[in-house]
Amino acid sequence: FWLDNNTRFEQGKAEFERRIVETKGACSIDDLSVYYKQYQLDSYERHLKYNRYVWRRSFSMVWPGVRAWAVDIRRRRARRVLAVAKHSEQGYFDRGPLAEQRLDAPQQHPSADSSPELDALKDECGIWPRIEKEFTARLPLRNLIWKGGITQTARFVEQLDIAISHAEGGQPAHDSPIPDQQTAPLLHIYLLETLDADADTYKAIVRPRAKSWATRASQRKGEEWLVIYLPNAAEVQKMATTSKFLNMRASVFDKLKGDLQVKKDVERVVMLQPASVESWNAAFLAIRDRVVQALDDRVASIAEEIRRMDANRMLPGWNYCKFFVFKEGLVNLYRLMGLRDGALAQYDELEAAYLQLFNSQRLSWFSKFGGSEPGDDYTDLLDLSKKPYRQQMIENTISMFDFRIYLFGQQCQLLIDMSRYNELVERAQRFIATFAKSMREPGTGLTLAFVSSWVYSTCQNIVEICEG
């Protein structure tokens, strides 16, 4: 059509210009405007016929589009069901080895010292006591695939321990200038239930509370959020009998998803029916995805800060203790996921950075060598609670003696966890020899008797560790 239309236009224009030139000697823009108007009048019926053809073709595509949309919805649901079934077969939702005993025994919340706090629950409806047994019986999370880190390679996380805390009030504040990346919640869960599914109740009460909580939770860097909605019996019956296609967003659950789930590929709202195993599996699949995403974001955030600090290492005012604390935040996340080899690699990089600064005599943040406190001549490398080492690192008051003991003690714990005792002995031999040499240097204030006692007790401690 357009080829024929343009050909007619150009031929008519050329013929009109030829006639005007023969008559007036030149063809102006005013003369051409007469041709343009006449061409539009002559082509009106032909263009109208073409437009009607385009309209018919466009409307004929509406029904296939609706069918394609419906097929896509069915396929997504089928993939979701298949994913839950596949994860169930692979043991992703299996309860732990002591699940039955935990179900019958009184429930105890793990402390922050034994497990990191990963889930911060917000329960305004009193839902938690009803689902606590089944929820905690499905912990820890198992068989996760994490693709984060510097190399972005897929890593298998056998299990991820979870400590559950109940959020009170608004957003928690970090008192420390360097937040503890291990115990800060990775996932915030909002438990929601409505006894009245009325639209006015939803608009006046449910939606404002949920959106306010989601807004606060989404502002927390490196922390994810999820809304778990428990429908009442009447709403379950209504959803089972009501056509989704004819009654879009008829239920509270659909309204919540529409109001809170901005990105359709990121599940932020899940429905939980406590009596349904499939519903539990789907809810925990969403929890797993959000926890893995939070780990991804947190590792990326810490790694970026570490790269920035490492690039400024040669600038005045650079502080190794602050660099160590950020790097150890990454270590704690690796430990949390059971990736001990990655954690050990981070400590090895910290040791290499320390030795480089030591050789260049750039250790001004260590105000003293240390080793003068009672009991320093005896070292238990696995007893890292003997002194507040990490707090001293944060406050930049740790001595060089305590720092070396703490760093090597952490390396020893990781080697023992991986049963690499031969490597432990080799590293201990190098560490004892080099550190004893440093202690004998002038200016440390340590006597030869102290050094000898420390060497003997540390060697004896290594032997006890390997024999134990």
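Modeller: On a 1 Å grid over the protein atoms alone, a cavity is a set of points where a 1.4 Å probe fits but cannot get out, and its lining residues have an atom within 4 Å of a point. Four cavities of 30 Å³ or more turn up in a search of the whole structure, with volume taken as the space filled by probe spheres set on the points, which are joined across faces, edges and corners. This is a predicted model: local features need pLDDT of at least 70, side-chain atom pairs count only at pLDDT 80 or more, and totals for chains, interfaces and linings use all residues. Residues are numbered from 1 along each chain as its sequence is written, and side-chain values use heavy atoms, with hydrogens and water left out.

Biologist: What lines the largest cavity?

Modeller: Its space is about 80 Å³, and the lining includes Asp-376, Asp-380, Lys-386, Tyr-389 and Phe-401. Helix 14 (residues 400-417) gives the most, three residues.

Biologist: How does the lining of the largest cavity divide into nonpolar, polar and charged?

Modeller: Four are nonpolar, one is polar and six are charged. Asp, Glu, Lys and Arg count as charged; Ala, Val, Leu, Ile, Met, Phe, Trp, Tyr, Cys and Pro as nonpolar; the others, Gly among them, as polar.

Biologist: What span does helix 11 reach from its first C-alpha to its last?

Modeller: Helix 11 (residues 320-336) reaches 24 Å, close to the 24 Å expected; the expected span is 1.5 Å times one less than the number of residues. Gly-338, with a positive phi near 80°, follows helix 11.

Biologist: Why is the pair of Phe-135 and Phe-284 called tilted?

Modeller: Rings of Phe, Tyr and Trp (its six-membered ring) pair if their centres lie within 6.5 Å; planes under 30 degrees apart are stacked, over 60 edge-to-face, the rest tilted. The structure holds 35 aromatic pairs. In this one the centres are 4.9 Å apart and the planes at 50°, so the pair is tilted. Phe-135 lies in helix 6 (residues 128-137) and Phe-284 in helix 10 (residues 277-311), so the pair ties together parts 149 residues apart in sequence.

Biologist: What makes Phe-135 count as buried?

Modeller: Phe-135 has 2% relative accessibility, and the limit is under 20%. Phe-284, at 2%, also counts as buried.

Key. Helices (H or I, at least four residues) and strands (E, at least two) are DSSP runs, numbered from the N terminus. On a 1 Å grid over the protein atoms alone, a cavity is a set of points where a 1.4 Å probe fits but cannot get out, and a pocket is an open set with protein on both sides within 12 Å along at least five of seven lines; lining residues have an atom within 4 Å of a point. Buried means under 20% relative accessible area, exposed over 50%, partly exposed in between (1.4 Å probe, protein chains only).
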